[in-house]
Amino acid sequence: MTRRVTVEGVGGYLPARILTNKEMETIVDTTDEWIQERSGIEQRHIAAEGELTSDLGVEAAKNALEHAGIQPEEIDLIIVATTTPDLTFPSTAAIIQHKLGIKGGAAFDIQAVCTGFVYAISTAEKFLASGQFSKALVIGAETFSRILDWEDRSTCVLFGDGAGAMILSAEEANAPGSRGIMSSYLRCDGALTDLLYVDGGVSKTQTTGHVKMQGNKVFREAVAKISSAMEEAAKIADIDPKTIDWFVPHQANIRILKGVAKKLSLRPDQVVATIAKHGNTSAASIPLAFNVAVKDGRIKKGDLVMLEAMGGGLTWGAALLEY
Ligand code: COA
């Protein structure tokens, strides 16, 4: 039996505390104007002390379960994309499974930094299409503020905390409804690790470390790699990129979003941009933006949506779906 994998619900959660650019001016040598002009960011959300990645993920998951109209026990696969897990182990997915009261099924984390959510839905799609599982909860959740160097103005102004979630479900390919996930394209070039990494870790330093980024070099890689991934995803799905309704990109920099959209001849009003209010929430940014555009009525059932991301690794990828 051929199975297809559709999106049943989406959810998002942002911590209550908002850190504005003006407040950022009191932390590092920066200005609201510089941050907005270079990145498009106006503010970001920061998790409260004791508020963990799993807590953000659980709230986003509850929001998505409610939107899908399903009970937690129907979920048999949980994949969490995160770079900022609660603990070294168990996985944040295992912690979220328990917090949601889900018993049975499988749960694991995926680490592809800002590309994590694209890797995660692609992985979930394969498991569901094969028939091994039937309903997946895919989450992107980050407390990125915990790995920032708050004295490094070139990185700390860019990131924020949050979580987004998507419920994916498998059904017979000839059932009525949307075509669901149509393709994905994932890539990594480990030779480019030095452009964006965290300088600590379990094995190397036994510390958590802080984000290091050569922003302008990452920027130079971004538009070409992301555009080609989107073109490949469209080719695999046999779709003309001109028929895409919505572009839901990873929210790293408004200039990258606009550059990629232009390269694919997408109009600015087709780009779902949440970077101004959310900042870069790494693996959470795509599902958070997707949730916003579904809930405000922009993305409707049957719309063709392109997702893309690039992050540490370097990793990058794209996925095409009919909502
Ligand atoms: N406030 C004020 N000045 C700042 C600053 C800040 N927060 N951060 C850096 N600067 C300064 C730099 O020191 C530099 O000064 P100099 O010219 O005197 O040396 C100047 O601004 C330009 O820095 P540069 O890094 O070249 O700026 P940029 O135009 O490339 O913008 C980024 C910086 C980080 C916004 C941009 O490079 C970017 O978004 N990169 C990609 C990020 C990304 O996609 N990450 C991957 C996904 S997670």
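A salt bridge is a side-chain nitrogen of Lys or Arg within 4 Å of a carboxyl oxygen of Asp or Glu. Keep that in mind. What we have here is a predicted model.

Let me take three of them.

Start with E25 and K22. Their side chains form a salt bridge, with N and O 3.4 Å apart. That is within the 4 Å limit. E25 itself is partly exposed, at 27% relative accessible area.

Next, K126 and E125. This salt bridge has an N to O distance of 3.0 Å. Are these two residues buried or exposed? K126 is partly exposed, at 47% relative accessibility. E125 is buried, at 13%. The cut-off for buried is under 20%, so E125 qualifies.

E232 is partly exposed, at 26% relative accessibility. K235 is exposed, at 60%.

Rolling a probe the size of a water molecule over the atoms shows where empty space is left.

The largest pocket holds about 920 Å³ of space. It is lined by 35 residues, and the closest to its centre are T83, T84, P85, Q111 and T208. Which strands each supply at least two lining residues? They are β5, residues 106-110, and β9, residues 196-198. The largest share comes from β9, with 3 residues. By class, this lining has 16 nonpolar, 16 polar and 3 charged residues.

Where does this pocket lie? Domain 1 (3-172) and domain 2 (180-322) both give residues to the lining, so the largest pocket lies between them.

On to the second largest pocket. Its space is about 540 Å³. Here 23 residues form the lining, and L158, M213, G215, F219 and N253 lie nearest the centre. Which one gives the largest share? That is α7, with 6 residues.

The lining of the second largest pocket has 13 nonpolar, 7 polar and 3 charged residues. Again, domain 1 and domain 2 both contribute, so this pocket also lies between them.

That is the tour. Thank you.

How values were computed: Residues are numbered from 1 along each chain as its sequence is written. This is a predicted model: local features need pLDDT of at least 70, side-chain atom pairs count only at pLDDT 80 or more; totals for chains, interfaces and linings use all residues. Side-chain values use heavy atoms; hydrogens and water are left out. On a 1 Å grid over the protein atoms alone, a cavity is a set of points where a 1.4 Å probe fits but cannot get out, and a pocket is an open set with protein on both sides within 12 Å along at least five of seven lines; lining residues have an atom within 4 Å of a point. Grid points are joined across faces, edges and corners, and a volume is the space filled by probe spheres set on the points. Helices (H or I, at least four residues) and strands (E, at least two) are DSSP runs, numbered from the N terminus. Ala, Val, Leu, Ile, Met, Phe, Trp, Tyr, Cys and Pro count as nonpolar, Asp, Glu, Lys and Arg as charged, and the others, Gly among them, as polar. Domain bounds come from an automatic or database domain assignment. Buried means under 20% relative accessible area, exposed over 50%, partly exposed in between (1.4 Å probe, protein chains only).
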